[in-house]
Amino acid sequence: MCGIVGYVGHRNCLPILIEGIKRLEYRGYDSAGVAVQSDGALKVVKAAGKIRELEARLAREPLAGTAGIAHTRWATHGAPTDANAHPHSGNNGRVALVHNGIIENYPVLKSALVAEGHSFRTETDTEVLAHLVEKHLKRGLKLEQAVGAALDSVEGTYGIAVMCAEEPGTVVGARKGSPLVVGIADGEYFLASDVAPIVSHTRQVVYLDDGEMAVLTPEGFHTATIGQVPVDKAVQEVEWDLGKIEKGGFQHFMLKEIFDQPESVRDSMRGRVVVEEGLARLGGLNMTAEEMLCIKRIILLGCGTSWHAALIGEYMLEEHARIPVEVEYASEFRYRNPIVDEGTTVLVISQSGETADTLAAMREARRKGARALGIVNVVGSTIARESDGGVYIHAGPEIGVASTKAFTSQVTVLALLTLALGRQRAISREQGIEIARELEAIPGKLREILERSDAVKAIAEKHYQHDNFIYLGRGTNFPVALEGALKLKEISYIHAEGYPAAEMKHGPIALIDENMPVVFICPRDSAYEKVASNMSEVRARSGRIIAIATEGDQEIHSRADHVIEIPSTLPMFQPLLSVVPLQLLAYHVAVLRGCDVDQPRNLAKSVTVE
């Protein structure tokens with residue numbers, strides 16, 4: 001959600017800034033802009049729409065300089081227009097500022113500034129920040145002092161980058177609730193919302209924490225609190241390279257990431273499974289065996305796809321570890337005074353590790369005394385740093401807005417956690433070995449499914465013009481139905497709903513007719529006969545059935561219009577396989593409808609504001 005790039009160094013900054021915001025396109029945006037220090041002035045160019053619109057404008061209004069900031073905006077306050085695009089300035093044009101987040105008290109601040117003679121030109125909350133910085137600069141403060149003074153009066157969340165004409169070659173960044181990372185190279189310094197724009201230039205980075213700022217100049221950088229107290233930060237190394245964020249010959253990032261899943265799932269379990277003992281080792285939990293035994297209750301928190309992964313985790317943990325589990329929307333958790341007692345462990349699940357609602361829920365759980373563990377993908381993310389322990393899913397960068405490989409990696413880690421806790425409680429050594437062996441076989445089975453992508457495309461070609469879909473499943477495949485429906489609506493804009501198959505007769509069956517495709521997740525498991533019966537009910541009402549079924553299941557072929565087969569596996573691992581055909585179905589439908597698969601409308605990859 002929104003993206004910031006800043007550069008200070010010896011090269012012309014404009015190509016670096018444009019390349020950087022292109023690397024951040026996956027976060028979602030509706031306008032873009034740049035500000036460059038040149039000839040003692042700040043020159044700003046911005047445009048609504050895609051970055052290509054900004055590039056066309058820059059071709060007519062070329063900029064050059066060795067320090068600058070750039071931004072991709074996802075509209076909150078004010079429509080996506082040229083005027084509302086970032087960077088923003090104060091009255092005199094001597095300040096340029098870009099901002100991710102929401103300034104909650106901006107109406108009060110704006111009224112006070114207007115009373116002091118400031119004039120506003122946009123509908124945004126961000127413009128208030130630019131005016132505040134300008135106000136404090138007029139008092140004779142240096143830029144970093146003016147930024148700190150401005151932020152001292154702000155309520156809300158922010159990741160910002162600021163420049164002023166009076167301090168050429170200086171970029172100041174600050175964060176509260178919205179991520180910022182500093183990149184360190186030889187005589188060059190970068191500022192960005194995440195490492196994607198930085199990794200082609202350096203792997204040496206510093207992650208800012210809430211309430212901190214960084215000051216970048218050609219001579220170096222330093223970090224401090226917003227109140228100007230120096231802070232020493234550890235330099236960390238980014239472990240993945242540029243190839244991880246390229247399409248690699250695929251038409252879209254989403255398709256690449258769907259096909260990445262055999263490797264991403266294997267990476268998620270690498271070094272963590274001891275097959276011969278039927279064990280899973282998760283050292284990052286920072287818990288002793290005794291502490292793990294003392295877990296009496298688990299609360300799983302997530303949003304969107306991560307919430308669906310949590311639902312699967314609930315089934316696995318209760319069935320095999322025999323621990324009571326509750327799954328909560330992170331966005332609702334802290335608003336209802338949840339009961340967090342002794343023996344409760346809270347697991348927060350977030351691909352980015354920056355999801356605002358999930359981060360806030362984790363902080364609330366910790367405030368109430370719970371041990372909070374993170375299941376995240378992005379190394380160095382806020383949840384990873386602030387949690388008491390956790391597990392990286394090691395899915396690698398996920399650029400497509402609609403999550404695919406992160407979902408299967410999250411489920412894989414939850415399976416590992418189930419095995420680790422279950423072996424202490426209810427899973428025998430023999431059962432553990434069986435689970436571990438089957439888990440290690442999952443990547444190969446994923447490859448088998450991906451080989452059937454063309455068959456899924458053929459099904460999509462028959463149904464892509466429909467405007468409504470229903471997805472049905474039971475047990476661990478009910479969350480898969482939810483996830484399949486979410487993928488379809490996210491990227492194709494088709495209305496789709498997921499339900500437990502048994503709930504069909506309690507309302508949704510009224511929707512069934514010859515124009516309603518119904519997707520059944522019906523592999524061989526304990527609910528198989530019940531789901532097959534539901535399929536007959538849909539068929540009797542002329543519904544069009546697409547079924548996900550176990551290889552060789554001729555009974556399902558006799559009941560469905562289309563069947564996508566998946567290999568046989570243990571029931572707890574069926575979601576890892578059954579979700580992949582649904583990802584492919586959503587992808588092919590969206591492509592056939594001419595949708596922007598990697599950057600669907602109105603969506604952002606990382607939701608860093610509430």
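A residue is called buried when its relative accessible area is under 20%, exposed when over 50%, and partly exposed in between (1.4 Å probe, protein chains only). By this criterion, 61% of the 610 residues of the chain count as buried. The model is predicted: local features need pLDDT of at least 70 and side-chain atom pairs count only at pLDDT 80 or more, whereas totals for chains, interfaces and linings use all residues. Residues are numbered from 1 along each chain as its sequence is written, and side-chain values use heavy atoms, with hydrogens and water left out.

**View 1. The chain as a whole.** The chain has 19 helices and 25 strands (DSSP runs numbered from the N terminus; helices are H or I of at least four residues, strands E of at least two). Its C-alpha atoms fill a box of roughly 80 × 55 × 45 Å along the principal axes. Of the contacts (heavy atoms within 4.5 Å) with a separation of 6 or more, 71% join residues 24 or more positions apart.

View 2. Cys2 lies in the segment before strand S1 (3–8) and is buried, with a relative accessible area of 6%. Beyond its neighbours within four places in sequence, Cys2 is in contact with Arg27, Gly28, His71, Thr72, Arg73, Trp74, Asn100 and Ser193.

**View 3. Helix H1 and its cover.** Helix H1 (residues 13–23) is largely enclosed by the rest of the structure, because 8 of its 11 residues are buried. Among them are Leu14, Ile16, Leu17 and Arg23. The cover over the buried residues of H1 includes S1, strand S2 (31–38), helix H2 (51–60), strand S4 (67–73) and strand S9 (189–192).

**View 4. Cysteine Cys13.** The structure holds 0 disulfides (pairs of cysteine sulfur atoms within 2.5 Å). For Cys13, the nearest cysteine sulfur is that of Cys164, 15 Å away. Cys13 is buried, at a relative accessible area of 0%.

**View 5. The two annotated SIS stretches.** The unreviewed UniProt entry lists residues 288–427 and 455–600 as "domain: SIS". Residues 288–427 are 46% helix and 20% strand, with end C-alpha atoms 19 Å apart. For residues 455–600 the values are 43% helix, 20% strand and 24 Å.

Conventions: UniProt positions are given in the numbering used here, feature names are shortened, and annotations may be inferred rather than shown by experiment.
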